[in-house]
Amino acid sequence: MTHPDPQPDPAAVQAFVALAGGAAWRKRLADLGARVQPGSLSGRAMQQRHALELILARLSRPELLAKAGRAERRVLAFAREAAELAKSLPAGPRARLRALVGDGLSGDATLVPLFHLIRTAALLRARGFEVCFDGLLHGTAHDLLIRRDGAEAEVVCETVSAEEGRPLHKGDWAQLVDRVNPELQTWLAAHPGRYILKMTLPEGVTDQTQLSELHGRISTMLATQKRQDSSADAILKLDPLVLAGAQAASDPQRALPARLREVFGVEAHLAVTADPSSGSVMVMAARAGRENEISLAVKRRVSAAATTRFTGTRPGIVAVFLDDLEAAEWHALRDTLELEGVIRRFLTEPEAKLVVAVTCTTRQEFFALGDCAPEGELRFRNPGHPAAKSVGLAPAVSSN
């Protein structure tokens, strides 16, 4: 099921909602509706993070189901597969699956881990493997047992948030922007022009107290018209905005982001506030004092899985879903071979003795968006593992 049926199934949403439980599903949608604030950066981030739930909610409306795009049809197909899996399971394993759905509909969690499991199994079946949901059926630490041509392997599905590798979380940045934005709009109305507020945060932001203090410092700068505020925790500098090709943009909120990304790089946090009546613009750009360590966050999770979730009697595959990652960041990790280098080094370490391969995928691959990884994932085989040359396993876990 790597290429789901392009025809949307109207019964798929109903079947998935039945699996989740109607009351739990309605409660979740009500909660998301209350948390997704229109027009806020936090609201947009919330919509992106909980895209799977929101897509399924939209597709419950027949008029929108008929217009479902490719990404929405993929979500629908995997939802249908989860519901069909539930029907095929005995009572105990079905309860485990319902628990996974319930976990994904609670708090800040998402349905991504469940859909990652369903999608991984679908990919392996499409490659000719017999797939058994050992985790659901038998409560094993590994999720899947796969077989082909007499060879077997255990598969662990891990979901890693890119936030684990960021000194400054995108969620915290969104909160800061939403707090400051009303003040920026008022300030721009009184000070027409184009400005950029650059922030360097040596250790990032680790708690709400720091976030509030940073907000206070920005407010003070605006109120006193200071151009710079420096301390060990943060360096703030307010300058005129001068960007070639961006000054004459008629719609700065649309034209500026790409140019700013070119200038500040994929790790910078950016926000644009505009005053349409005067054409004034304020850009906020923030960077931590140290680089993101997203690849190392993946490595830490893979290492933990490798040492705790395999039985040791079969080769192991760790299938990673790297979430909360922008497309530009994913492309950079791939193009610079940073992620590949970290994973390949891990595969030479003692913790990797049970691991025959590591795969990595993101929402780019899940939704089949442009420029996604070939065959739906990056795959790195462990050349030192005895099973790496196995005829049965090699085609499915070949190096990218």
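Helix α4 (residues 51-59) is largely enclosed by the rest of the structure, because seven of its nine residues are buried. Buried means under 20% relative accessible area, exposed means over 50%, and partly exposed lies in between (1.4 Å probe, protein chains only). The buried residues of α4 are Ala51, Leu52, Glu53, Ile55, Leu56, Ala57 and Leu59. Helices (H or I, at least four residues) and strands (E, at least two) are DSSP runs, numbered from the N terminus.

The model is predicted: local features need pLDDT of at least 70, side-chain atom pairs count only at pLDDT 80 or more, and totals for chains, interfaces and linings use all residues. Residues are numbered from 1 along each chain as its sequence is written, and side-chain values use heavy atoms, with hydrogens and water left out.

Start with leucine 56, in helix α4. Leucine 56 is buried, with a relative accessible area of 1%. Setting aside neighbours within four places in sequence, leucine 56 is in contact (heavy atoms within 4.5 Å) with Val13, Phe16, Trp25, Val75, Leu76, Ala79, Leu111 and Phe115. Valine 17 is 39 residues away from leucine 56 in sequence, and the two C-alpha atoms are 9.1 Å apart.

Leucine 56 also belongs to the largest nonpolar core, which has 51 residues. Such a core is a set of buried Ala, Val, Leu, Ile, Met, Phe, Trp, Tyr and Cys residues joined through side-chain atoms within 4.5 Å. Phe16, Leu56 and Phe115 have the most contacts inside this core. Helix α8 (residues 112-126) supplies the largest share of the core, eight residues.

Next comes a loop residue. Leucine 105 sits between α7 (91-104) and α8. At 10% relative accessibility, leucine 105 counts as buried. Leucine 105 touches Ala20, Trp25, Arg28, Glu53 and Leu111, not counting residues up to four places away in sequence. One of these, glutamate 53, is 52 residues from leucine 105 in sequence and 8.3 Å from it in space, C-alpha to C-alpha. Glutamate 53 is itself one of the buried residues of α4.

Now turn to the strands. Glutamate 130 is in strand β1 (residues 130-132). Glutamate 130 is partly exposed, with a relative accessible area of 48%. Beyond its neighbours within four places in sequence, glutamate 130 contacts Leu145, Ile146 and Arg147. Glutamate 152 is 22 residues from glutamate 130 in sequence and 9.4 Å from it in space, C-alpha to C-alpha.

Glutamate 154 lies in strand β3. At 0% relative accessibility, glutamate 154 counts as buried. Which side chain does the side chain of glutamate 154 meet in a polar contact? The partner is the side chain of arginine 314, at 2.8 Å. A polar contact is a pair of N or O atoms within 3.5 Å; within protein, one must be able to donate a hydrogen and the other to accept it, and residues adjacent in sequence count only if both atoms are side-chain atoms. Leaving out neighbours within four places in sequence, the contacts of glutamate 154 include His142, Leu144, Leu145, Phe310, Thr311, Thr313 and Ile317.

Two loop aspartates have positive phi values. Aspartate 149 is in the loop between β2 (144-148) and β3 (151-161). Its phi is positive, about 55 degrees, although aspartate 149 is not a glycine. Aspartate 149 is exposed, with a relative accessible area of 64%. Aspartate 324 occupies the loop between β9 (316-323) and α14 (327-335). Phi of aspartate 324 is near 60 degrees, again a positive value in a residue other than glycine.

Another loop residue is valine 242, between β6 (235-240) and α12 (252-264). Valine 242 is exposed, with a relative accessible area of 67%. Histidine 191 is 51 residues from valine 242 in sequence and 17 Å from it in space, C-alpha to C-alpha.

The whole structure holds four cavities of 30 Å³ or more. On a 1 Å grid over the protein atoms alone, a cavity is a set of points where a 1.4 Å probe fits but cannot get out, and lining residues have an atom within 4 Å of a point. Grid points are joined across faces, edges and corners, and a volume is the space filled by probe spheres set on the points. The second largest cavity has about 50 Å³ of space. Its lining consists of Pro167, Leu168, Glu267, His269, Arg287, Ala288, Arg290 and Asn292.

Methods. On a 1 Å grid over the protein atoms alone, a cavity is a set of points where a 1.4 Å probe fits but cannot get out, and a pocket is an open set with protein on both sides within 12 Å along at least five of seven lines; lining residues have an atom within 4 Å of a point.
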